[in-house]
Amino acid sequence: MSLRFFNTLTQELEPFQPLKNNTVRMYTCGPTVYNFVHIGNFRTFTFQDILRRWLRYRGFALDHVMNVTDVEDKIILNAAKEHKSLEDYTHAYTKAFFEDAAALRLEQPERVTPATKYIPEMVDAIEKLTAKGYTYTNDGSTYFRIANFPDYGKLSHNDFKGIRAGARVDQDEYDKADARDFVLWKGRKGDEPFWPTPFGDGRPGWHIECSAMAMSLLGETLDIHAGGVDLVFPHHENEIAQSEAITGKPFARFWLHSEHLQIEGQKMSKSLGNFYTLRELIDMGNQPEVIRYLLAQVPYRKKLNFTFDGLKAAVKSIERIRDFESRVSSAKLPPGKNESIAERSAAAIRQFEDAMDEDLNTAEALAAIFEYVRAVNTSLDENHFQEDNRWDAAKVLEVFDTVFDVLKPTPPSAAKTDGLSDSEIDALIAERNEAKKAKNFKRSDEIRNLLLEKSILLEDTKDGVRWKRK
Ligand code: AMP
Ligand code: ZN
């Protein structure tokens, strides 16, 4: 076996082994819970699930930490608009995220960490950076001074030396000495939630969250750090700067990034309004495992275009394998064992493993399964498949399903999200208000229709939107 991953840091396929013992210490950036996450986000989370499953198949134990970003500009803004505490506001979306993840059969990471539970660790990290001379403050906020970290740019392979001061490379609205610098701690503003610290009241920046949680839970050097490709810069570059400035050691040995789910040639994203949530697709009658298959079938470093034809093709593919499974288990067969079919089965498993070992090439792994299904269907037609070969075929399907996990149908009762809870309705209405404000009427109508389908009536009054159940 030679398991290899493409490492964004080195731009090479590298053989993978954990640093210590047999346990893979892995950190993945989780959702920002200000809304329902869309299936683009779930492409990345599905890739991480496949990565987990393959590492375990290869005999490793896992210690996987995923954060939940539950304090952030949009969350604060939306919670304030709805007169809700951060906790109340984020609770509904965190719950929805894990319900969706479970519907997609994503395994839970060993540890899930809400950012607001790790503020002391973040404060400690910022103090260490200050002690080492990497920070400065301006108007109550604390910044990381990138000029003091010469390795900046090594993950995204950008050369930042030529960037002029004043050219924006980060989204933060705060004043900084150099355009590349980023905020570690945002000084308290107005009524925003804040935490007291020795360097002033305020709240953490997004980047420090991940460094502090990853290192306090997994140690100074992680085996794997993963996320979507849009996180390479600036988020992961900043995580490296913060963490390595503190420890002087490599922050993560392997950086894995998944490509985007696209729709009509563009990245699926909340800001473009061109997204589907899992709930919407399920409510249209799609089985969650079909969406899982769709997201998993293209290797994670290739762009994947979402289409409804693609969903139909995924239904067909799953049916083919399920039909094969039932044919193999129920066919009347001659007794004994056909050795060449036993060998063909072992070869299919080897091909599947080789494909997955090569940077999780799910497309080739699937090709090995479909070729096998075709070959064995022919042997069944020709009566060459014998009683004891059932176990050979079952073993191939078992290996396939430890990764893809689509053979068992979702029970009809679990497939539909039927009734919406009050907080889910509130959340959808808040999203619709945002969409209207952004003049994204397509989205606001979509939400109205979605609610109508659920028999929720909306009434636009001068005091805002009221809703009732029909
Ligand atoms: P966010 O909640 O926006 O921080 O995103 C959660 C994860 O989803 C991150 O790892 C993003 O890189 C990833 N992501 C966002 N949009 C897409 C997309 N269209 N395709 C794949 N991954 C995405
Ligand atoms: Zn992160």
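At a relative accessibility of 11%, Ser 379 counts as buried, a word used here for residues under 20% relative accessible area, with exposed meaning over 50% and partly exposed anything in between (1.4 Å probe, protein chains only). Ser 379 belongs to helix H11, residues 362-381; helices (H or I, at least four residues) and strands (E, at least two) are DSSP runs, numbered from the N terminus. From Ser 379, the side chain reaches the backbone oxygen of Ala 375 at 2.9 Å.

This is a predicted model, in which local features need pLDDT of at least 70 and side-chain atom pairs count only at pLDDT 80 or more, while totals for chains, interfaces and linings use all residues. Residues are numbered from 1 along each chain as its sequence is written, chains are lettered from A and ligands numbered from 1 in the order in which they are written, and side-chain values use heavy atoms, with hydrogens and water left out.

Helix H12 (residues 389-404) is the place to look for Val 399. Val 399 is buried, at a relative accessible area of 3%.

## The zinc site

Which residues coordinate the zinc ion (ligand 2)? They are Cys 29 (SG), Cys 210 (SG), His 235 (NE2) and Glu 239 (OE), at 2.0 to 2.6 Å. Donors are N, O and S atoms within 2.8 Å of the metal (3.2 Å for Na, K and Ca); water is not among the atoms, so sites may look incomplete. Along the sequence, the spacing of the donor residues is C-x180-C-x24-H-x3-E. Cys 210 sits in helix H5 (residues 206-218) and Glu 239 in helix H6 (residues 232-247), so this pair ties together parts that are 29 residues apart in sequence. Cys 210 is buried at 0% relative accessibility, and Glu 239 is buried with a relative accessible area of 0%.

A cis peptide bond links Phe 233 to Pro 234, with omega at about 0°. For context, most peptide bonds are trans.

## Around ligand 1

Ligand 1 is surrounded by 16 residues, the closest being Gly 40, Thr 44, Asp 230, Leu 261 and Met 268. Thr 44 places a polar side-chain atom 2.7 Å from a nitrogen atom of ligand 1, while Asp 230 has a polar side-chain atom 2.4 Å from an oxygen atom of the ligand. A polar backbone atom of Thr 32 is 3.1 Å from an oxygen atom of ligand 1. On its own, ligand 1 has 490 Å² of accessible area, and the protein covers 90% of it. Two elements give two or more residues to the shell, helix H1 (39-57) and strand S10 (222-228). H1 gives the most, with 4 residues.

Asp 230 has another partner: its side chain and that of His 260 are joined by a polar contact of 3.4 Å, a polar contact being a pair of N or O atoms within 3.5 Å; within protein, one must be able to donate a hydrogen and the other to accept it, and residues adjacent in sequence count only if both atoms are side-chain atoms. His 260 lies in the loop between strand S11 (252-258) and S12, and counts as buried at 17% relative accessibility.

## Strands and loops

An open sheet of 3 strands runs in the order S13-S12-S14, with mixed pairing. Strands S13 (266-267) and S14 (304-305) stand at the edges with a single partner strand each, so one side of each has no neighbour in the sheet. Strand S12 (residues 261-263) pairs with S13 in the antiparallel sense over 2 bridges; two strands pair if DSSP finds at least two bridges between them. Lys 267 in S13 is the bridge partner of Gln 262.

Elsewhere, strand S3 (residues 23-28) and S4 pair in the parallel sense over 6 bridges, and Met 26 stands opposite His 64 in S4. Strand S4 (residues 61-68) has 7 of its 8 residues buried, so the rest of the structure largely encloses it.

Gln 11, in the loop between strand S1 (4-7) and strand S2 (12-15), has a positive phi near 60° and is partly exposed at 43%. Asn 21, in the loop between S2 and S3, has a positive phi near 45° and is exposed, with a relative accessible area of 71%. Most residues other than glycine have a negative phi.

Technical notes. A residue is near a molecule or strand if one of its heavy atoms lies within 4 Å of it. Accessible areas come from the Shrake-Rupley method with a 1.4 Å probe; for residues, only the protein chains shown count as cover.
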